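Dear colleague,

Please read them with the coordinates open beside you.

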Amino acid sequence: MFAHLQPSAADPIMSLMEAYLRDDNPQKVNLGIGLYYDEQGNIPLMQAVRQAEQRLLTQGHPHGYPPIEGSAAFAAQVQRLLLGEEVSACGLATVQTVGGSGALKLAADFLRDYLSREEIWLSDPTWANHGAIFAGAGLQTHSYPYFDDIAGELRFEAMLECFNGLPAGAVVLLHPCCHNPTGTDLTPAQWRTVIEVMQQRRLLPLFDIAYQGFGDGLEQDAYALRAAHRAGLDCLIANSFSKNAALYGLRLGALTLCCGDAQTASNAQGALKTLIRRSYSCPPTHGGRIMETILTDDALRHLWRSELDAMRDRIRQMRLRLASGLEQGGSALDYRRIRDQRGMFSYTGLNPQQLETLRQRYAIYLVAPGRMCLPGLNLNNIDYVADAILAVSRS
Ligand code: PMP
């Protein structure tokens, strides 16, 4: 029955991680997969998460089934986080999902089954799994211009031109902050222009926000979402707590639809529940309870925010230090990209040959084509990495 199956193509980011783990070079540095590591090179257990878990353990929760859409209190907190403290739940439908990936998959199923959409436009470049998720759900994927890797700049005009040429109702996936993989974001003024075009052309944005808090802060990073919502634009928002609460393995995210009015939101919520029920029935409970506990308690919420601020600051310091190391060493590489880009990633402009040499000779792992995950840097390895990049970018 199964004998015809062929070996599957491995996921490039996961295989790189496996190659890194197998590497016995004591100086190896992992700048590949999008994970936040602390100064000691560990995935943090945030204090806010630890305290919330202790509280939940003391309370003792039986492991019954949650509602199909997850808890209502969690959904209300997600809406505040995305759309602002004062947001009214009226016109919003939010369901808990299995990570940000689960939110995207649910969005894809919803677009196909309830909105009869057959296509989606993704930024060029984008996170590799976007293509896989939407194509896997039967949508045809197209790309819109986003980043010029030679000039190291956003292709803003080309992007607008593309949006202006799309058919009414076309679905466009946008990264509100910390664009993966380029680390290059739109300014608030550019977002306002994009939102105007979306309204004029009657386009449907799907915002994928997987790094809220890693750009400029929780509020600032939500600028595009809030501006779209204020403008009355119908949209979908997929968010993830994998990175900003370091809950990777607990698989926590949400999908929110901004629908305009309460009746439409209630119908949309029903559609999402139908899709969830027929797929995995209901979400896992533990991650949702942790985040609900944090977000509904002023002290824990404050602690979480300050820990997240410290994570963002550490990445920023690593950016500045690496960029100045490259500048002082006279690197031919455009170090300003590393300095100015935001979030976890930098699109370094290192070519495939240089990436290969970094891996073979120095055991430094980056994702092709030149995406560096900055949190893999720390005070113990940053000078080694700067020297290695200088060496490969000179030759
Ligand atoms: N969107 C983007 C842009 C991402 O980078 C990621 C994670 N790498 C996700 C969504 C999915 O997040 P999760 O791990 O929560 O599924």
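Does S281 count as buried or exposed, and how many C-beta neighbours inside 10 Å does S281 have? In this predicted model, S281 has 9 such neighbours, and because a residue with 12 or fewer is taken as exposed, S281 counts as exposed. As for its place in the chain, S281 belongs to the loop that runs between α9 (262–279) and α10 (286–295).

A363 also has a positive phi, of about 55°, although A363 is not a glycine. This residue sits in the loop between α13 (352–362) and β12, and with 19 other C-beta atoms within 10 Å, A363 is partly exposed. For context, most residues other than glycine have a negative phi, and most peptide bonds are trans.

The bond joining D124 and P125 is cis, with an omega of about 5°, and P125 is placed in the loop between β3 (119–124) and α5 (128–136). A cis peptide bond also leads from A368 to P369, here with omega near -5°, and P369 is found in the loop that lies between β12 (364–366) and β13 (371–373).

Note on methods:
Residues are numbered from 1 along each chain as its sequence is written. This is a predicted model: local features need pLDDT of at least 70, side-chain atom pairs count only at pLDDT 80 or more; totals for chains, interfaces and linings use all residues. Helices (H or I, at least four residues) and strands (E, at least two) are DSSP runs, numbered from the N terminus. A residue is buried if 20 or more other C-beta atoms lie within 10 Å of its own, exposed if 12 or fewer, and partly exposed in between; C-beta atoms are placed from the backbone.
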